[in-house]
Amino acid sequence: MASAEISRLGVQKAPAEGPPKPLDWRRFGIYVVLFAGVLIAVGPFLWMISASFMTLSEVNLTRLLPEKLLWENYATALRRANFLDIELVSDPVTGVLQSFGVSGYIWNSVRITLITVVGSLLVCIPAAYAFARMRFVGRNFLFALFLSTMMIPGIVMLIPHLLTVIWLGRLSESLFGAAGAWFNNWPALTIPFFASVFNIFLLRQFFLQIPDDLWEAARIDGAGHPRFLVSVVLPLSKAPIMTIVTLGFIGSWNALMWPLLVTISDDWRPIAVGLSNFVTADTPGDLNLQMAASVITVIPILALYFVAQKQFTEGIAQTGIKS
Amino acid sequence: MFRGGLDAEYMLNTRRGRILIENLTAYAFLGPAGCLIALFGLFPVAFAFFVSLHRWRRFPDEYIGLANYEKALGNLGYILFFWLSLLGFAATAMMARRLLKTLRRARWSAEWPALAAGAVSGFALLLTIDWFFKLIPVIMLIPRLVRGQDTSLALFMEKFGESFASSGVHEAGNAMLVGLLAAVVSLSIVLRRFRSDASGELIVFSAITTALSAGSAYLLQLTLQETELAIAQAREAGERLPVWSQLVFISAGIGMIAAAYVLFQRGIKALENRRFIFMIFSGLSLAVGGYLVMAEAPAALAAGDDDLLQGFWVTVMYAGGTVPVQLTIGLLLAYLLFQPIRFRAFFRMVYFIPYITPFVATSIVFRVIFDAGKTAPANRMLTLVGIEPQRWILERSSLGSLLGLPDFLAGPALALVVIMIYSTWTYIGYDAVIFLAGLGNIPGELYEAARIDGAGGWRIFRHITLPLLSPTIFFLSLVAIIGTFQAFTQIWILRTGAVGSKVNTASVYIFDELQNSNRYGYASSMAFVLFALILLMTLFQNRIMGRRVFYG
């Protein structure tokens with residue numbers, strides 16, 4: 001049902017009613033309502049941006065615009081909230097860059113996103129390919145089994161995931177030493193999300209549409225499934241892969257509940273947790289700093305949205321879910 | 001199969017070899033995803049149930065049966081498990097019917113080996129599960145055993161090996177091995193000697209039926225045993241635990257409410273002169289059923305966890321206050337956007353922004369907007385139109401009591417209303433975009449035909465747009481209701497110490513219980529109850545609303 005709606009979403013054209021007629025009252029009313037909607041949708045954002053430049057007392061008095069743009073708010077928020085910290089160590093004599101360190105929640109979220117998305121693609125692409133283009137015993141059963149896991153609410157999974165992660169972490173610690181820890185480290189934040197059933201479903205739907213002629217031609221040329229997947233299917237699948245990347249990005253950027261459970265220090269804590277702690281614990285009163293921190297959090301997602309709008313709309317319409 | 005040896009020529013040049021290669025490649029492709037989904041998608045459900053039967057704080061502790069469920073729901077916990085085991089038997093019966101259907105096409109005398117082999121495999125499966133869950137608590141203790149010691153692989157592996165040999169696990173493991181061996185032997189005999197077209201299907205159905213019936217029997221036995229135990233304990237303390245009467249009355253009540261619904265449906269379809277009778281019986285049935293549930297449920301729930309029950313109530317209010325509002329406004333916006341207007345793409349893009357931006361950040365903005373200060377944005381607007389400033393996110397009192405309504409009409413706390421406003425704000429754009437796509441799927445000829453017939457704007461909307469949009473409405477309402485059960489971030493950010501648990505939905509309460517008091521067993525049992533509720537609701541919604549959906 002959903003997929004029928006989606007296919008039209010990105011390419012929807014105006015209904016064929018000819019060019020818009022000159023302004024009449026009815027249409028004027030429509031525009032009024034629609035622009036009121038725009039105001040409601042972006043109003044909080046506009047005020048957030050405006051408030052992020054204000055002094056604290058200006059925020060408390062709900063001024064619409066700051067008297068003076070306080071850029072320091074951003075510097076303070078970045079520093080106090082530990083969002084991003086770039087350390088450049090250069091040789092005092094020659095000035096040559098010696099080492100270079102990045103830390104902070106934004107950097108953590110970027111790293112988590114990268115690992116999750118790459119890992120997810122590596123795991124999901126072959127699985128989706130097998131479901132779409134190969135014949136094997138138990139295919140439909142396995143696919144139904146995979147899909148059924150999507151119905152299970154996250155809260156039920158929370159405790160088993162936690163216990164599994166702690167246990168596997170202990171095993172991997174005894175294998176690789178302290179660096180192999182799962183808890184409070186990247187594996188707990190990424191590996192459980194590698195095998196995303198949604199991603200497999202999305203890719204499978206796309207792979208199904210690839211014409212059989214291509215496969216026949218490739219087989220005559222002596223290519224097997226792995227070769228066909230790498231050199232024919234993947235180059236054709238930029239669109240669904242882009243969708244997975246953008247959705248993975250928002251998913252990681254939003255994640256709050258699970259990281260709250262499995263991170264106890266700032267080493268790998270993602271931005272949503274950082275922001276949440278900054279607001280609820282660290283700075284109960286500094287509303288202007290909170291606004292600045294929120295703006296910093298929102299900007300990457302908004303930038304991505306404006307660049308890859310089509311992927312966002314289509315991807316979200318297909319899942320029905322954001323993260 | 002390997003008569004020609006495993007040489008490459010054989011594999012590539014015979015049909016069987018190619019099929020084998022294709023199967024093996026496919027499983028290799030599926031391998032990583034399959035393992036991860038088994039570990040993080042399927043296993044957790046069984047594991048959560050297992051944990052919920054124990055006292056479990058970080059590490060496994062003693063088995064306590066359904067005590068966690070009783071703590072959460074009172075006697076209703078036992079009643080719920082009765083229903084669950086009945087549901088299991090119903091599923092078994094459905095499976096058995098399919099089995100009989102398949103069997104009717106085949107000859108019984110030729111097929112009984114397949115049935116027997118299936119049953120043996122089903123038992124082997126159960127024995128495997130049994131062994132696995134005997135092993136789990138022992139394995140789960142390893143991190144505690146090796147804690148503080150030098151974490152070396154050798155030590156870990158030593159403990160790991162010891163757990164397989166520990167008492168209980170060892171016996172279960174032997175039973176499993178015997179079961180698996182029997183399954184393999186019987187399966188291979190069937191496949192070599194008694195193979196027919198239906199054997200595959202019969203083996204699978206028979207195995208599933210066996211496993212399901214044994215599983216349901218286990219559930220029923222667990223429930224009976226736990227109920228008897230609880231009743232005996234109550235008797236010792238000189239009290240009476242009326243689980244049985246409550247089970248009968250509440251089940252009867254719910255059955256009568258369901259019957260009322262069926263009668264109502266029949267009545268609508270019946271002839272004019274008969275409709276009256278149907279309606280009377282429907283009403284009667286509803287009244288009696290409603291009375292039974294109303295009278296018995298509070299007593300059955302009395303020993304339950306008040307915070308959890310409040311969590312469910314908050315969830316219901318939250319869903320009731322957001323879903324209809326957001327769907328209506330979303331539909332209105334989509335309908336307007338669908339008119340011949342300029343800037344459609346712009347509007348669509350802007351309406352989507354609240355939905356895609358991180359919930360944490362936008363919740364923080366709402367926290368500031370609905371601050372309790374007299375000059376905070378929301379209060380500023382109230383003052384502009386001459387209403388007293390409110391305390392918003394700090395307000396425990398309900399909306400109704402602030403308006404002077406009596407308590408039973410009071411409704412959600414004002415702090416929860418803020419969260420509802422936030423949710424509505426976030427989801428309207430999403431709903432509008434999906435509605436817009438749904439509107440685009442309605443063929444234009446229908447509108448034209450209606451217009452030629454002289455239908456006006458409202459009638460076209462009511463009789464063409466709305467029915468043809470019903471699949472979209474159904475989809476969105478399902479997504480929205482499940483969304484309210486899963487809502488976390490906005491509540492986490494927007495709740496304040498002052499309102500306490502007044503805004504905690506069930507899942508937020510469960511999370512608190514997990515994070516603050518580490519009661520894994522108890523939290524698991526509550527999560528399971530929530531899962532059962534979501535499942536029931538989805539089924540219900542599918543039956544009730546799904547029937548009204550017009551798929552064209």
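**Exercise 1. Determine in which hand α15(A) passes α14(B), and how the two helices are oriented.**

Solution. Step 1: in this predicted model, α15(A) passes α14(B) in a left-handed crossing, a term used when the near helix is turned anticlockwise from the far one by less than a right angle, with right-handed used if it is turned clockwise. Helices (H or I, at least four residues) and strands (E, at least two) are DSSP runs, numbered from the N terminus.

Step 2: the axes of helix α15 (residues 287–307) of chain A and helix α14 (residues 359–369) of chain B come within 9 Å and cross at roughly 155 degrees. Axes here are lines fitted to C-alpha atoms, for helices over the stretch in contact, and angles run from 0 to 180 degrees between N-to-C directions.

Step 3: α15(A) and α14(B) are therefore roughly antiparallel to each other, since angles over 145 degrees count as such, while those under 35 count as roughly parallel, 65 to 115 as roughly perpendicular and the rest as oblique.

Residues are numbered from 1 along each chain as its sequence is written, and chains are lettered from A and ligands numbered from 1 in the order in which they are written. Because the model is predicted, local features need pLDDT of at least 70 and side-chain atom pairs count only at pLDDT 80 or more, whereas totals for chains, interfaces and linings use all residues.

**Exercise 2. Find which residues of α15(A) and α14(B) meet, and sort them by class.**

Solution. Step 1: on the α15(A) side the residues are A:Leu287, A:Gln290, A:Met291, A:Ser294, A:Thr297 and A:Val298, and they meet B:Val360, B:Ala361, B:Ile364, B:Val365 and B:Val368 in α14(B). Contact means that C-beta atoms, placed from the backbone, lie within 7 Å.

Step 2: the residues of this contact divide into 8 nonpolar, 3 polar and no charged, where Ala, Val, Leu, Ile, Met, Phe, Trp, Tyr, Cys and Pro count as nonpolar, Asp, Glu, Lys and Arg as charged, and the others, Gly among them, as polar.

**Exercise 3. Describe the contact between chain A and chain B as a whole.**

Solution. Step 1: in total, 89 residues of chain A are in contact with 95 residues of chain B.

Step 2: on the side of chain A that touches chain B, helix α7 (residues 154–176) of chain A gives the most, with 17 residues, and by class this side has 63 nonpolar, 18 polar and 8 charged residues.

**Exercise 4. State how chain A is divided into domains and how these touch.**

Solution. Step 1: chain A consists of domain 1 (21–99) and domain 2 (104–282), with bounds from an automatic or database domain assignment.

Step 2: the centres of domain 1 and domain 2 of chain A, taken over C-alpha atoms, are separated by 32 Å, and their contact takes 5 residues from domain 1 and 7 residues from domain 2.

Methods: Contact = placed C-beta atoms within 7 Å.
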